[in-house]
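Colleague: I'd like to learn how to read a model like this one. Could you walk me through it, one feature at a time?

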Amino acid sequence: MNRRRLTPYLLLIPGLAWLLIFFIIPLVQLGAVSLQSGFPGFPGYYYRDVNVGNYLTALSDFGGHFGRSILYAGLATVFTFCLAYPLAYTMAFKAGRWRNVMLICVVAPFFTSFILRTIAWRQILADDGPVVRTLNTLHVLPGGHLTETWVAVVAGLTYNFLPFMVLPIYASLERADPRLIEAGGDLYANGFTTFRTVTVPLSMPGIIAGTLLTFIPAAGDYVNAELLGSDTSTKMVGNVIESQFFRVLGGFPVAAALSFTLMALILAMVVFYIRRFGTEELV
């Protein structure tokens, strides 16, 4: 009996050890670095003190980057949802024998490097590419180019994180009982009413999971802004963190403070979102 009682706890040890070594300890170290002060005259050397000024610097000097990150991630999440829901709905209810083919097409980008996919978008949106030429012909593109603009950054985020939205929604719709949807028609509801009152609520767990899986990594992304954006006007907070860590001598404390601030901001938004729009399974 004692051995049976201990078995679940023993099985938890590898996972807990993994979290401790690769998550908790680095997080504590990052927090300690975010409170250090630079040693005068010796860049790269620090006092082991408690300096909250790093957080004030992060908010005062780079507040615009935080706002830009949240805005771009939010736009990408909205656009991703608009593209993903019809695709997931078609795969779940209309695709028939083509369902597996469509599913493979959704996950196929994962077989290519994230950076290579972003570079490909730079070629697609290049000034001499078909997209820009077509828009310029129609005279609907102010400025005459897409690269190095916020539009290109949001487009890259939308494309790269689209599978993270499609798959959870598809999983929720695929598990939905079709008899519930048929019951809506039996109760004299039209197609739109049935979709709004039956199909969407059934898919809410997938919608919540998909939006979180899209928004959280998109807010911390820096590859799309680096490769598709400009030097200053489209940089996100991830670009600042990368620059402070690897390019600015003595920038470790500010970079750590930026990381912690971004993490706290996203965590607060996620908690509010789940409490406001989440389902019982997620709460």
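Modeller: Let's start with Leu262, which sits in helix H11. Keep in mind that this is a predicted model.

Colleague: Is Leu262 buried or exposed?

Modeller: The general idea is to compare the relative accessible area with a cut-off: under 20% means buried. Leu262 comes in at 8%, so it counts as buried.

Colleague: And which residues is Leu262 in contact with, beyond its neighbours within four places in sequence?

Modeller: Phe66, Ala219, Gly220 and Val237. Take Ala219: it lies 43 residues from Leu262 in sequence, yet the two C-alphas are 8.5 Å apart.

Colleague: How many residues are in the largest nonpolar core?

Modeller: That core has 34, and Tyr72, Val153, Leu157, Met236, Val237 and Leu258 make the most contacts inside it. Helices giving it two or more residues include H2 (53–94), H6 (150–175) and H11 (252–277). A second, separate core has twelve residues, among them Ala84, Tyr85, Met91 and Val106.

Colleague: What does Tyr72 touch, leaving out residues up to four places away in sequence?

Modeller: Its partners include Trp150, Val153, Val154 and Leu157, as well as Ser233, Thr234 and Met236.

Colleague: Where does H6 bend?

Modeller: At Phe161, by about 45 degrees, with Pro163 following within four residues. End to end, the 26 residues of H6 still reach 37 Å between first and last C-alpha, close to the expected 38 Å.

Technical notes. Residues are numbered from 1 along each chain as its sequence is written. This is a predicted model: local features need pLDDT of at least 70, side-chain atom pairs count only at pLDDT 80 or more; totals for chains, interfaces and linings use all residues. Side-chain values use heavy atoms; hydrogens and water are left out. A nonpolar core is a set of buried Ala, Val, Leu, Ile, Met, Phe, Trp, Tyr and Cys residues joined through side-chain atoms within 4.5 Å. Buried means under 20% relative accessible area, exposed over 50%, partly exposed in between (1.4 Å probe, protein chains only). Contact means heavy atoms within 4.5 Å. The expected span of a helix is 1.5 Å times one less than its number of residues. The bend at a residue is the angle between axes fitted to the seven residues ending there and the seven starting there.
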